[in-house]
Amino acid sequence: MKTYIKDLSTHQDSLVTLQGWVQNKRESKGLVFLIIRDGSGFCQCIVDLNNIGEEQFNKATSLGQESSLRLTGKVVEDTRQIGGFEMHVQEIDIIQNCANYPIANKEHGIEFLMDQRHLWLRSKRQWAIMRVRNQVIFAIHNFFQKEGFVQMDAPIFTGNACEGTTDLFETDFYGEPAYLSQSGQLYGESMAMAMGKIYTFGPTFRSEKSKTRRHLSEFWMIEPEMAFYDIFDNMDCIEDFVRFVVKEILDKCKMELELLERDTTILEKTVEAFVRLTYDDAVAIIKGEKDVDGKTTIAVLENDLLETKKQIEALKADNAEREALIAAGGMKKGKVNFNLNTIDKNKNLIKQLEEDERNIPQWLESAKNFTYGEDFGGSDETVLTRMFDVPVMVYDWPHEIKAFYLKRNPDNPKFARGVDMLAPEGYGEVVGGGERETNEQMLIEKINEHQLPMEEFEWYLDLRRFGSVPHAGFGLGLERLLAWICKLPHVRETIPFPRMYGRLKP
RNA sequence: GCCUCAUUAGCUCAGUUGGUUAGAGCGACGGACUGUUAAUCCGCAGGUCCCAGGUUCGAGUCCUGGAUGGGGCGCCA
């Protein structure tokens, strides 16, 4: 039976062997502190010259960062440590002693870290994110399985463009052009007619040359499809689903969220009802014509801009103060280093804030000038979600701007029964879905309107010819949900090896 | 595709109006120190200033073009 760091509390005062890697090392005369990670957690292991002898001790001092080893020693309680326990080492068995590990225990730039992604995954933050990802995936399956959904796999090679709007990756399928799937939805609809309720969970490919914090070329999408569901049943499902996943993470990833320094206040708010707005109401709020709790978007954003400016000033003043203190001299070297590092950190923060400072007026402008009838842009989503601290669902969109397969509102055919769920804190669209058109003639008209190749959709039209029923579904972007749950600045950190515009390696 | 900001040591960054031999910290390496939490202290090594042109007596610094990266828009999950 192997022992893992996460289980150390059950081995108090007994002798165990850990297998892992040296995450960091601190040395003192006759003492070496090894921070060991084994995948399950982190543990400080103490090597004491007096207890272990010179030969074993020299092994410890020679270890480079990320060397692999086995350590045998006694598990001792120590409240100062993260897990509450440390190991007093009795024997060191080096598997590989290595030197010059490229990632240091300090601030690095994103390009450098992305080039080192295969090693970066070992770092604490990345380790925490990947564990949350694992738990989110598990929670998603749990939710649908307990609700009686059947998981299905949609094909990845497709012959048609499902929505025809976004760019597809083309490949060669035995001499025929084939495209990598950008959605499994149409296949999901077929399966829902066989199983009642289904969900897909698979990779999705979009060849959009988007350089933003919310886009990947390859990402994972969950697409449930439910027979006999209308738009409102669909929104209930989205809400229950997102609430369940967030609750699971709050319960099971406490340590990871703490490591990520995630303030969970907003996540805890998901127990409350999500906001539901029609497109018309959402537009009125975005344009500042309608207020939320007495505040308009314009007032909130102008305040945001003011706050941003204040923060920049405060950081600059803080840096000037630190620089003056260093220049005055007499400061201990360790303190100087700490201050220099803080100055660098502050500078990075200032850069980000200055980007916001440039962007907020653009968003405000775009919100004020929003043209009724158009789709929301990234800035409109940001402006809208800024008004609420729970997820916002916007439904009943002008049918012209939405996908061909969405059902019209029977009371007002101007609107299609699509729904988008926008996450709070500026994360924007995480879910897109809606009730599907059931009428064959309406679908044919829409396919022609969108100039899509009718022959590619014959099989899809069959679903309306043989036992057509009301049905609805949605697609959730795993990485966007994760970025919000972990409050990460970019989706690229939520997937082990991101594929995006300009990034194919490692 | 468009807009914007950036590129100086392995990493994170300074570099004044264009002026002698381009600096600091971290990391690495060598040494000191018996409880450290990114330990600390001393020493040492480390440079194609992104590339190509141009202006100039003189360019890391100014100009033009290009490459790469960050962010935003469009598009989307």
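The legends below describe close-up views of a predicted model. Residues are numbered from 1 along each chain as its sequence is written, and chains are lettered from A in the order in which they are written. Local features need pLDDT of at least 70, side-chain atom pairs count only at pLDDT 80 or more, totals for interfaces use all residues, and side-chain values use heavy atoms, with hydrogens and water left out.

View 1. Chain A is divided into domain 1 (5-96), domain 2 (117-274 + 391-494) and domain 3 (300-365), with bounds that come from an automatic or database domain assignment. Domain 1 and domain 2 bury about 590 Å² between them, where buried area is the accessible area (1.4 Å probe) that two parts lose on being put together, summed over both. Arg37, Gly39 and Phe42 supply 55% of the area that domain 1 buries against domain 2.

**View 2. The salt bridge of Glu66 and Arg122.** The side chains of Glu66 and Arg122 meet at 2.9 Å, N to O, in a salt bridge (a side-chain nitrogen of Lys or Arg within 4 Å of a carboxyl oxygen of Asp or Glu).

**View 3. Thr308 in helix α11.** Thr308 lies in helix α11 (residues 297-328), helices being DSSP runs (H or I, at least four residues) numbered from the N terminus. At 7% relative accessibility Thr308 counts as buried, a term for under 20% relative accessible area (1.4 Å probe, protein chains only). Not counting residues up to four places away in sequence, Thr308 touches Leu353, Asp356, Glu357 and Ile360, contact meaning heavy atoms within 4.5 Å.

Key
Helices (H or I, at least four residues) and strands (E, at least two) are DSSP runs, numbered from the N terminus. Buried means under 20% relative accessible area, exposed over 50%, partly exposed in between (1.4 Å probe, protein chains only).
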